[in-house]
Amino acid sequence: YGAGMSSSTRAIVAGGYDGSNEVNIIDYVEIASIGNALDFGDTDIKRRNNSGFASPTRGVFAGGLTPSVIADIQFITIASKGDSIEFGTLTLKRQGTGGGSNSIRGLIGGGSSPFTNTIDFVNIASTGNAVDFGDTTQNKRYMPIPTSSTRAVFAGGYDSPVLINVIDSVE
C-alpha cells in the first residue's frame, strides 16, 4: 500500500500498511545488489494508498490515507537518504491514485473519496501545488500509470464494485 519510485540505481517505497496501521517508513534498495531493504528516512505522516513517481534525481509521492484522505504531496532526493519534504497539494483530497512520470512532469490520476477521473500534474524539479491536467474517461482508482518520455497510459483500475478494463492515454 506504499508509493513506489526509482532512479537508475535505487528503488524506493514510501509509506504503506503493516496489517493494522499506516506507516511512515521510507525504505530503499540498491537495484544492482541483492539484499534486504534499508532505511531511507520517514514520511511526514503515516500514510498508505498513496502514489509515487520520480525524475532521475527526485522522488515524489501524493495523496493517501492517514486514515483520513489527504491531498498532501511530498518529495525526497533519491541519491541522499533522509525524511520527505513538503512539495505542495493535489487539486483534491484522494487516495488510491496512480502515479507516473517522465523526467520532467509527474501525473497523478484517479483515486477515491469520492471516486474521481481527475488527472493532476506537477513539475518534478520545482515544488508547488498540482494543477488540473484533464480527466480519464471514467472514475477509477488503483491503476498503474506506465509512462514513456511522451505518453502516459492509465491502465484498468477499479470503481467499486467494478473492475475496469478501459485504457486511457495522454500525451
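## Terms and basis of the model

Two strands are said to pair if DSSP finds at least two bridges between them, where strands are DSSP runs (E, at least two residues) numbered from the N terminus. The model is a predicted one, in which local features need pLDDT of at least 70, side-chain atom pairs count only at pLDDT 80 or more, and totals for chains, interfaces and linings use all residues. Residues are numbered from 1 along each chain as its sequence is written, and side-chain values use heavy atoms, with hydrogens and water left out.

## The sheet from β5 to β8

Four strands, in the order β5-β6-β7-β8, form an open sheet with antiparallel pairing. β5 (51–54) and β8 (85–89) are at its edges and have a single partner strand each, so one side of each lacks a neighbour in the sheet. From one strand to the next the twist averages 25°, taken between axes that are lines fitted to C-alpha atoms, with angles running from 0 to 180 degrees between N-to-C directions.

Within this sheet, β7 (residues 69–77) and β8 are joined in the antiparallel sense over 4 bridges, and Gln-74 has Glu-86 in β8 as its bridge partner.

Strand β10 (residues 105–109) pairs with strand β11 (residues 118–123) in the antiparallel sense over 5 bridges, and Arg-105 stands opposite Asn-123 in β11.
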